[in-house]
Structure formats: C-alpha cells, structure tokens
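Visitor: I would like to learn how to read the features of a structure like this one, starting from the terms and then going to the cases. Could we look at it together?

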Amino acid sequence: MRLPKAAHISRPWRIHELTPDFRLEDVWLLPTPGDREEFPLLVQAIASGDASNSPSLAARALWAVRWKLGELLGWDAPESGIGSRVPTLRDRLPADLREAPSGPEFQSLPFKSLYMLDDEWAAEVANRTVHGVMHVGWIADGSDGYRGQMAVLVKPNGLLGNAYMALIRPFRHLIVYPPMLRQIEREWNAHAGDRAPARASSA
C-alpha cells in the first residue's frame with residue numbers, strides 16, 4: 001500500500017541526515033507482519049530478490065526494456081555508478097553509523113548497502129540518470145507487531161534524470177511496485193513457518 005510522504009518524513013530515521021539533497025519519491029507499507037526481531041529476515045529477503053524475475057509479465061517486460069536501454073545508452077556503465085559519477089553516501093556517515101553493519105550484499109540488483117540498524121536499513125544505487133536510495137524501516141503496527149516500510153529517494157542527474165523519473169513514474173506505480181509487493185508478501189508468508197520456531201524460542 002502506498003503511503004503519504006509524511007509517513008517517512010515524520011519518523012526520526014537516520015537516513016534524513018544523509019539525504020538532504022535527495023527527493024522523496026515514494027513510501028510504501030510492506031505486507032510483512034512480524035515480530036521485532038524479524039527485521040534482518042526482511043532485509044535479507046529484499047537483498048536476495050530479483051525484480052526482473054517478477055511473476056508479472058508486464059513488470060518483467062518493463063525491466064527487460066530498462067536493462068536493454070541501459071546497455072545501449074551506457075546508463076549503467078561502471079563510470080556512471082557509485083564512486084565514479086557520484087561519491088558513495090558512506091562518505092557522509094557519522095561515526096556511529098560507520099561502525100554499524102553495512103547490511104547484506106545484493107545478489108542481483110545493483111544496490112550497495114549503506115548501513116543497517118535494529119529497525120532501519122539503507123542501500124544506494126547510481127547510474128547515468130539518478131543517484132537513488134532505498135530505505136527500509138521496521139515500524140510498530142499498533143497491535144504488538146511490526147511491518148516493513150520502504151521509501152525511495154532520488155537525486156536526478158540533470159535534465160536527463162528528471163525526464164527519466166517523470167517518464168517512469170506511472171509505470172513504477174502501476175506495473176512495477178504492485179506485483180513486487182505481492183511477491184514480497186508471498187515469500188514472507190511462505191517462510192512464516194520457518195520464523196515461528198525463532199519466535200517461540202525467544203518468548
């Protein structure tokens with residue numbers, strides 16, 4: 001479910017310190033009900049995912065077009081990424097976040113983890129169009145449980161980046177995110193039995 005931007009802005013996330021020059025694009029409530037201790041499981045599930053393998057044919061086709069365009073136009077070339085076109089946001093981390101775990105490595109998506117706390121994780125990606133951040137928080141749901149909340153922040157690269165973000169916005173909202181959230185929900189529910197013993201042993 002898409003949330004108002006205030007759902008992210010109003011919370012004291014540490015990512016605010018690192019991204020004053022980034023634009024908040026979207027905030028989504030993830031269909032991942034769990035216990036306080038289960039946040040690392042959500043983080044690992046997201047990092048090991050592959051959006052190009054979405055069960056939605058339309059989403060897969062859109063990703064295929066995006067990667068092909070990136071290849072043809074050089075959007076995803078190494079010199080367009082983090083540490084080349086833009087410095088990594090790890091350079092902005094305060095001392096306590098530098099000492100925190102960075103988070104898992106991504107298996108398929110071109111993100112790099114920045115930091116991971118008990119209830120907050122951030123990862124970045126950059127190409128010729130944008131410098132982007134995916135932020136995932138673990139928030140109390142008001143009934144003794146927790147759910148994931150994902151925010152997408154971007155810093156477009158000039159006219160190209162702004163035009164690109166404007167072009168893909170409706171596709172992201174209608175084609176990319178809905179099946180992605182359903183896939184996250186299915187995978188989260190499929191592993192509910194695996195998480196139950198851990199909850200019981202910590203009770």
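Guide: Let us start with a cut-off: a residue is called buried under 20% relative accessible area, exposed over 50%, and partly exposed in between. The model here is predicted, and with that cut-off lysine 68, at 42% relative accessibility, counts as partly exposed, whereas glutamate 71, at 57%, counts as exposed.

Visitor: How are glutamate 71 and lysine 68 placed in helix H4?

Guide: The general idea is that an α-helix has 3.6 residues a turn, so residues three or four places apart point the same way. In this case glutamate 71 and lysine 68 both lie in helix H4, three residues apart, which is about one turn of the helix, and their side chains meet in a salt bridge with an N to O distance of 3.9 Å. Elsewhere, salt bridges that share partners join Arg2, Arg23, Glu25, Asp26, Arg169 and Arg172 into one network.

Visitor: Which residue forms a salt bridge with glutamate 25, and is glutamate 25 buried or exposed?

Guide: The partner is arginine 23, with the closest N and O atoms 2.8 Å apart. Glutamate 25 counts as buried at 6% relative accessibility, while arginine 23, at 31%, counts as partly exposed.

Visitor: How many salt bridges does a search of the whole structure find, and which parts does the pair of arginine 92 and aspartate 21 tie together?

Guide: The search of the whole structure finds ten salt bridges. One of interest is that between the side chains of arginine 92 and aspartate 21, at 2.9 Å from N to O. Arginine 92 lies in the loop between H4 and helix H5 (95–99), and aspartate 21 in the loop between helix H2 (15–18) and strand S1 (23–29), so the pair ties together parts that are 71 residues apart in sequence. Arginine 92 is partly exposed, with a relative accessible area of 37%, and aspartate 21 is likewise partly exposed, at 34%.

Visitor: Turning to the interior, which residues of helix H3 are buried, and why do they line one face of the helix?

Guide: In helix H3, which spans residues 39–47, the buried residues are Phe39, Leu42, Val43, Ile46 and Ala47. Seen down the axis of H3, these buried residues fall within an arc of 130°, so they line one face of the helix. The cover over them includes strand S2 (112–116), strand S3 (120–126), strand S4 (130–140), strand S5 (146–156) and helix H6 (158–190).

Visitor: How many residues does the largest nonpolar core have, and which have the most contacts inside it?

Guide: The largest nonpolar core has 27 residues, and those with the most contacts inside it are Leu42, Trp121 and Val136. The elements that give two or more residues to this core are H3, S3, S4, S5 and H6, with the largest share, six residues, coming from H6. If we leave aside its neighbours within four places in sequence, leucine 42 is in contact with Leu30, Thr32, Val136, Trp138, Gly148 and Trp188. A second, separate core of 18 residues includes Leu3, Ile15, Ile139 and Leu153.

Visitor: And on the outside, which residues form a nonpolar patch on the surface?

Guide: The patch is formed by Val65, Leu69, Leu72 and Leu73, which together have about 380 Å² of accessible area; of these, leucine 73 has its place in helix H4 (residues 57–73). Leucine 174 and alanine 59 are 115 residues apart in sequence and 9.4 Å apart in space, taken from C-alpha to C-alpha.

Visitor: What should I read from isoleucine 9 in helix H1?

Guide: Isoleucine 9, in helix H1 (residues 6–9), counts as exposed at 53% relative accessibility. Not counting residues up to four places away in sequence, isoleucine 9 touches His16 and Leu24.

Visitor: Finally, where is aspartate 144 found, and what is its phi?

Guide: As a general idea, most residues other than glycine have a negative phi. Phi of aspartate 144 is near 65°, a positive value in a residue other than glycine. Aspartate 144 is found in the loop between S4 and S5, and at 81% relative accessibility it counts as exposed.

Key: Residues are numbered from 1 along each chain as its sequence is written. This is a predicted model: local features need pLDDT of at least 70, side-chain atom pairs count only at pLDDT 80 or more; totals for chains, interfaces and linings use all residues. Side-chain values use heavy atoms; hydrogens and water are left out. Patches are made of residues with over 30% relative accessible area and no salt bridge: like charges are joined within 9 Å, nonpolar side chains (Val, Leu, Ile, Met, Phe, Trp, Tyr) within 5 Å. Accessible areas come from the Shrake-Rupley method with a 1.4 Å probe; for residues, only the protein chains shown count as cover. A salt bridge is a side-chain nitrogen of Lys or Arg within 4 Å of a carboxyl oxygen of Asp or Glu. Helices (H or I, at least four residues) and strands (E, at least two) are DSSP runs, numbered from the N terminus. Buried means under 20% relative accessible area, exposed over 50%, partly exposed in between (1.4 Å probe, protein chains only). The arc is that of the directions from the helix axis to the C-beta atoms. Contact means heavy atoms within 4.5 Å. A nonpolar core is a set of buried Ala, Val, Leu, Ile, Met, Phe, Trp, Tyr and Cys residues joined through side-chain atoms within 4.5 Å.
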